[in-house]
There are 2 protein chains.
Amino acid sequence: MDRIKPRTLSGFMELLPQRQVQFDRMVEILRKTYALYGFTPLDTPAIEASEVLLAKGGGETEKQIYRFTKGDTDLSLRFDLTVPLAKYVALHSGELTFPFRRFQIGKVYRGERAQRGRFREFYQADIDVIGDGSLDIVNEAEIPSIIYQTFTALGLKRFQIRLNNRKVLNGLFALLGLEAQSADVMRTIDKLEKIGPEKVKELLVNDFAVPAETAGQLLELLSTDQPMEALAALKGKNELFDRGVEELSTVVQYLSAFGVPEDHYKVDLTIARGLDYYTGTVYETAMLDHPEIGSICSGGRYDNLAEYYTNKQLPGVGISIGLTRLFFVLEDQKYLNDDLLTAPADVLVLPMTEDLSPAITLATRFRAAGLRTQLYTERKKFKQKIGYADKLGIPYVVFLGEDEIQAGLAAVKDLSTGEQLTQSVDEAIARIRSGLAARNAGAPIRDRD
Amino acid sequence: MDRIKPRTLSGFMELLPQRQVQFDRMVEILRKTYALYGFTPLDTPAIEASEVLLAKGGGETEKQIYRFTKGDTDLSLRFDLTVPLAKYVALHSGELTFPFRRFQIGKVYRGERAQRGRFREFYQADIDVIGDGSLDIVNEAEIPSIIYQTFTALGLKRFQIRLNNRKVLNGLFALLGLEAQSADVMRTIDKLEKIGPEKVKELLVNDFAVPAETAGQLLELLSTDQPMEALAALKGKNELFDRGVEELSTVVQYLSAFGVPEDHYKVDLTIARGLDYYTGTVYETAMLDHPEIGSICSGGRYDNLAEYYTNKQLPGVGISIGLTRLFFVLEDQKYLNDDLLTAPADVLVLPMTEDLSPAITLATRFRAAGLRTQLYTERKKFKQKIGYADKLGIPYVVFLGEDEIQAGLAAVKDLSTGEQLTQSVDEAIARIRSGLAARNAGAPIRDRD
């Protein structure tokens, strides 16, 4: 037979079983944390009509989209979870209750140039709160607490949430007479971390006709250690700016009630998050020991989720985690906690008799008690049977021979300690359960304090 | 602005929040049940190289495939989870431990003609056990117990697992001198339920040159109430047949040890499951009150999972549930248990003071206690705020006014009974928890006994 070489496309993450269990455990924690904040799960199709998905059109993303026809229909794979959300809310607005809080964890597709750590198919984990006409500022203050709880539940410790407000930035540009160049100024400021303040000032002055004094004033403000005080000093000159400062103050004021420790967030006036979409608070999240990775959770407040589909005004606030890339980084940087159980089973039952019924009955009892149990019945040598449990990291092996069956007992071996006890089924279940509790304690990420 | 009409493609399931929660609850139960049997979760890409995905080529499916190019690459969306499994096992066989037991729950794509209850994007929930060179028959006996546990955990009661063995069928055809017409005979037998034994006999005799007496003998055997006895009477004449009968006997013998009640399975000699792939036990699962739906969980034993990719012999046994279609049927036939909580939150906190900090602190405490909590801060009338909880089915509302804050208490209302109590936070948490336990008891499917 002519054989085809099996392969997985480059840019597509495909994990081995142990890693998959670790990935799934992270997804499970995200689902639980998002649910704690009152978000409902959503699942939209991966394929949409191109006309619908590309309603907003254009830009960098369009070239990356997987677009094709089937029959007469022009189809595209979703490239994020925000556009499908906008479609969903516009389409079903009559059946939804606002504010509408949803989370979605799903795959999206972008045909980017393949590159280490870049993926063409990847999971995003999004939450959004959508208001009908208006949405209270408290929602913007709640988001950092969700980011904090999420990463803390995953086990990450050394991270920092960075906040800014787009009204502050836009107000500031107006205040400094830079309204005409605001887009260019924003883009240049975005390079601060990469090229430093000297270079940025040079660009602002030479390329975008910003007066040297203004550029200096702007850069000094953006890099201050006391941003709230510096902003307060400028109040009363521009309405938008004043509103932005008030929003930012409100958000910061409520953070401690929301349980976010002070060393886990800071106001960072250099954060802009793109040009058009966001209109209020914006968020980024940095891994303190890996700034080179960039933000691992970003988002912000917007005024119009679905203006391309409906004349309903739908303001909202949301954040997104690029989960596949995050997982790649965590593995790459040795953050994954490999001590947690990743075996497909908690117990391997090895029948030592010809008639398998007693072993099957025992496995059935273990399963009824909630233990993940595998029955091993392949005709192999004893050493190979034990080797199977060993290779998979199955923590307990149960031998069931004639003697044990007669006595109504089971020989249970803890493979990590080598301790083997002949016990009643109930004793075995209790012992295995307590062993598992110890093995499963701990978070999927291991970070230094 | 020119607006695009938002729509979801036909043949693509998109659920409203309440239904999505019900769907997700079913997925969660499947994951848990599969894990109890020692299956590890897997997640492969939705896109594969066409050359790889279509290695086996041809047939009905090929026309339905979503196939397209991106750059120079010929790509296809997966149309089932079996081909990606074959690729995965062939590609990673050196890194896997056999028998390899995996489950996968994921979306697959088939561009079928749109039709009520037929989907182009749908979830399959698969399990497979793959052996390296050989695989013990006990694995074939374990599958019905997994089917039984899965549907029982979902709440379904009136279902029946039907078993057959392909060696029995093929042996029988040889025994009756029908080897040359075996494919045609199999296809005709498949129509038994639809057109009845008279018509089937007619077709066998007239179209496929089966002697009338042989056709009668075959039909009598296939429709007997005592299949194992009828098969036993034919033993000793054909080796393949004898092996099949022995396998079938072994499978049936172990079913009670595996905990499958007798009224939930039967040997049904008319079950064939296609022509080529399966080589041993085959399974179908019928809803007793809805035979028109067809099998809701099917599969079987095969000898060669990945012969198109590798010369390694990989025998296995697996089953698949078409989850999206099943969910559609359950909703359509009013099987979904709408009493279970589907609200996005357990508690809605309504602050009654200007300063929101005490309400935020309370919400933070509830969340720390594991209660799914939403803070409602929109500026609406009191009636609308209560209406929000009501519409979403949020069971508890907490009012936090100046008096409660001073006293360190909270006013907690159970919306289903109307009972409102002013209690300490710990009392409130305990009360809400016990109320939730009662509301969440029960399975997602409600079936009559």
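Predicted model: local features only at pLDDT ≥ 70, side-chain atom pairs only at ≥ 80, totals over all residues.
Local features need pLDDT of at least 70 and side-chain atom pairs count only at pLDDT 80 or more, while totals for chains, interfaces and linings use all residues. Residues are numbered from 1 along each chain as its sequence is written, chains are lettered from A in the order in which they are written, and side-chain values use heavy atoms, with hydrogens and water left out.

Me: How many residues of helix α4 of chain B are buried?
Reply: Helices are DSSP runs (H or I, at least four residues), numbered from the N terminus, and buried means under 20% relative accessible area with a 1.4 Å probe, protein chains only. Helix α4 of chain B spans residues 82-92 and is mostly covered. Among its buried residues are B:Pro84, B:Tyr88 and B:His92, and the count, out of eleven, is nine.

Me: How many salt bridges are counted between chain B and chain A?
Reply: A salt bridge is a side-chain nitrogen of Lys or Arg within 4 Å of a carboxyl oxygen of Asp or Glu. One pairing of this kind joins the side chains of B:Arg7 and A:Glu51 at 3.4 Å, N to O. The count between the two chains is twelve.

Definitions and conventions:
Buried < 20%, exposed > 50% of the residue type's maximum accessible area, 1.4 Å probe, protein only. Helix = DSSP H or I, 4+ residues; strand = E, 2+ residues; numbered from the N terminus.
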